[in-house]
2 protein chains.
Amino acid sequence: MPIFFDDTIVNQRPTHTLKEEESKHVVKVLRLQQGDPIQVINGEGYLFNCEITQASAKACELRILETIFQEPSQHYIHLALAPTKNIDRIEWLIEKAVEIGVQEISFILTKNSERKQIKLERLEKIMVSAMKQSKQLHATKLNEIVPFEAFIQEHPNGFIAHCLPTEKNTLTTEFSSKKPIIIGPEGDFNEHEIQQALQLGYTPITLGESRLRTETAALYAVIEANLTLRK
Amino acid sequence: MPIFFDDTIVNQRPTHTLKEEESKHVVKVLRLQQGDPIQVINGEGYLFNCEITQASAKACELRILETIFQEPSQHYIHLALAPTKNIDRIEWLIEKAVEIGVQEISFILTKNSERKQIKLERLEKIMVSAMKQSKQLHATKLNEIVPFEAFIQEHPNGFIAHCLPTEKNTLTTEFSSKKPIIIGPEGDFNEHEIQQALQLGYTPITLGESRLRTETAALYAVIEANLTLRK
């Protein structure tokens with residue numbers, strides 16, 4: 001059954017009118033008609049089983065037949081990373097991280113960052129599409145890019161994956177919910193940044209012996225954290 | 001330092017002439033000159049530190065200054081999957097799996113496969129590029145697509161990730177080197193295929209609660225196996 005995202009749909013109302021963009025997709029692209037069933041999610045834990053009552057391409061009207069609510073996950077994975085120069089790699093990462101289940105993604109600006117800005121609008125669309133695909137009912141929070149120092153001051157005691165050869169732990173033994181995992185840029189964090197993080201209680205972590213690209217390291221960390229929380 | 005792949009370079013010779021394609025890249029693209037240092041890998045564990053002795057775009061000549069050999073990993077991850085309809089997703093998977101470290105990737109043809117053929121030539125190039133990027137000295141073996149039944153008969157006692165709600169184990173508790181991990185197509189394996197695998201000693205595994213795309217499931221399995229072997 002087709003599944004749509006609309007963050008304006010609310011619980012405890014018998015009907016809903018879809019936004020124009022979604023209405024157009026329902027009527028013009030999928031050519032659904034009055035009486036057809038569709039599902040709508042709002043990113044806040046709700047799944048609505050609906051029936052189309054008026055197939056308008058501008059404002060498609062629905063009757064809500066059933067409401068399903070899923071509690072948010074007790075686990076909380078917060079990934080923070082310096083976005084890569086090539087934005088495709090970040091888009092890919094968002095899709096995969098959302099499929100697997102990540103609650104929050106932050107972008108940080110580091111000394112060696114090649115990309116200094118990021119447009120959240122397109123990333124939000126990719127996030128919504130991955131949510132629909134994997135039937136995640138809770139949206140992943142995406143945060144605007146902030147300087148590295150501001151991020152670690154606001155979120156101390158996290159995990160930092162850097163490439164300098166120092167003593168390191170693993171997420172498998174150390175990870176716990178809510179503590180952010182930060183992944184550096186293509187050229188890694190510089191020594192000053194690593195020192196700043198350590199002073200704010202960050203634990204250095206290793207992601208194995210291989211030299212991983214930024215987005216591969218980020219996904220590796222997400223999966224290792226996910227596995228740790230599943231135990 | 002720039003790194004090149006040439007599977008014709010052999011140990012215990014003082015010089016080497018690069019293939020035309022690599023020679024062109026050295027001379028025309030990177031504009032390297034006589035005396036410049038380059039590294040060459042051959043995918044069989046060797047890294048050669050070389051110096052350019054003649055910067056010819058057709059047949060660049062090198063003096064081999066140092067030879068480094070890395071033993072193959074004691075661990076062996078063999079991933080087998082039904083390729084996705086969209087080939088970009090497979091190309092992406094190859095890149096990531098090689099970066100993390102996978103020894104063999106097989107392609108299988110299942111009842112629900114949307115893609116029935118695969119061209120290894122382009123995938124080999126992506127594999128080599130990921131090897132160079134992550135300094136893996138051993139090439140990942142890529143195998144031509146074979147029917148599911150033939151594959152499991154030749155490689156019994158592996159792991160199968162399917163979506164039917166049955167009792168399942170995890171790679172974290174069960175994985176051991178060399179046993180293949182098989183990932184189904186977009187529409188999953190059918191019941192007959194799952195039964196065939198179980199009869200040949202396959203262990204059903206779960207990759208968590210989320211509904212993952214084929215290539216995401218494959219990478220999740222590779223990372224879980226890699227983490228299990230690192231312990």
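**Figure 1. Relation of the two chains.** Chain B can be laid on chain A with an RMSD of 0.0 Å by a turn of 180° and a shift of 0.0 Å along the axis. That is the relation of a two-fold axis. The superposition is by least squares on the C-alpha atoms of residues with pLDDT of at least 70 in both copies. In general, a rotation about an axis and a shift along it relate two copies of a chain. The model is a predicted one, in which local features need pLDDT of at least 70 and side-chain atom pairs count only at pLDDT 80 or more, whereas totals for chains, interfaces and linings use all residues. Residues are numbered from 1 along each chain as its sequence is written, while chains are lettered from A and ligands numbered from 1 in the order in which they are written.

**Figure 2. The contact between chain B and chain A.** Chain B contributes 21 residues to the contact, and chain A contributes 21 residues; two residues are in contact if their C-beta atoms, placed from the backbone, lie within 7 Å. On the side of chain B that touches chain A, the elements that give two or more residues are α2 (87-100) and α7 (214-230) of chain B. The most comes from α7(B), with seven residues. Helices (H or I, at least four residues) and strands (E, at least two) are DSSP runs, numbered from the N terminus. By class, this side of chain B has six nonpolar, eight polar and seven charged residues. Ala, Val, Leu, Ile, Met, Phe, Trp, Tyr, Cys and Pro count as nonpolar, Asp, Glu, Lys and Arg as charged, and the others, Gly among them, as polar.

**Figure 3. Overall layout of chain A.** Chain A has seven helices and eleven strands. Its C-alpha atoms fill a box of roughly 65 × 35 × 30 Å, taken along the principal axes. Of the 231 residues of chain A, 38% count as buried. A residue is buried if 20 or more other C-beta atoms lie within 10 Å of its own, exposed if 12 or fewer, and partly exposed in between, with C-beta atoms placed from the backbone. Among contacts in chain A between residues at least 6 apart in sequence, 74% join residues at least 24 apart.

**Figure 4. The two domains of chain A.** Domain 1 (3-69) and domain 2 (78-230) are given by the domain assignment of chain A, with bounds taken from an automatic or database domain assignment. The C-alpha centres of the two domains of chain A lie 34 Å apart. Eight residues of domain 1 of chain A are in contact with six residues of domain 2 of chain A. On the side of domain 1 that touches domain 2, β1 (3-5) and β4 of chain A each supply at least two residues. The residues of that side divide into five nonpolar, two polar and one charged.

Figure 5. Strand β3 (residues 37-41) and strand β4 (residues 46-54) of chain A pair in the antiparallel sense over five bridges; two strands pair if DSSP finds at least two bridges between them. A:V40 stands opposite A:F48 in β4(A). These strands, β3(A) and β4(A), form a hairpin with four residues between them, and A:G43 in the turn has a positive phi of about 80°. On β4(A), antiparallel pairing with strand β5 (residues 61-69) of chain A runs over eight bridges. Here A:Q54 stands opposite A:E61 in β5(A). The hairpin of β4(A) and β5(A) has six residues between the strands.

**Figure 6. The nonpolar core around B:L79.** The largest nonpolar core has 114 residues, of which A:L79, A:A221, A:V222, B:L79, B:A221 and B:V222 touch the most other members. A nonpolar core is a set of buried Ala, Val, Leu, Ile, Met, Phe, Trp, Tyr and Cys residues joined through C-beta atoms within 7 Å. Leaving aside neighbours within four places in sequence, B:L79 is in contact with B:A97, B:V102, B:I105, B:I181, B:A218, B:A221 and B:V222.

Figure 7. Most residues other than glycine have a negative phi. A:R31, in the loop between α1 and β3 of chain A, has a positive phi of about 55° although it is not a glycine. A:R31 is exposed, with 9 other C-beta atoms within 10 Å. B:K135 lies in the loop between α3 (120-133) and β8 (141-147) of chain B, and its phi is positive, about 50°, although it is not a glycine. B:K135 counts as partly exposed, with 14 C-beta neighbours inside 10 Å.
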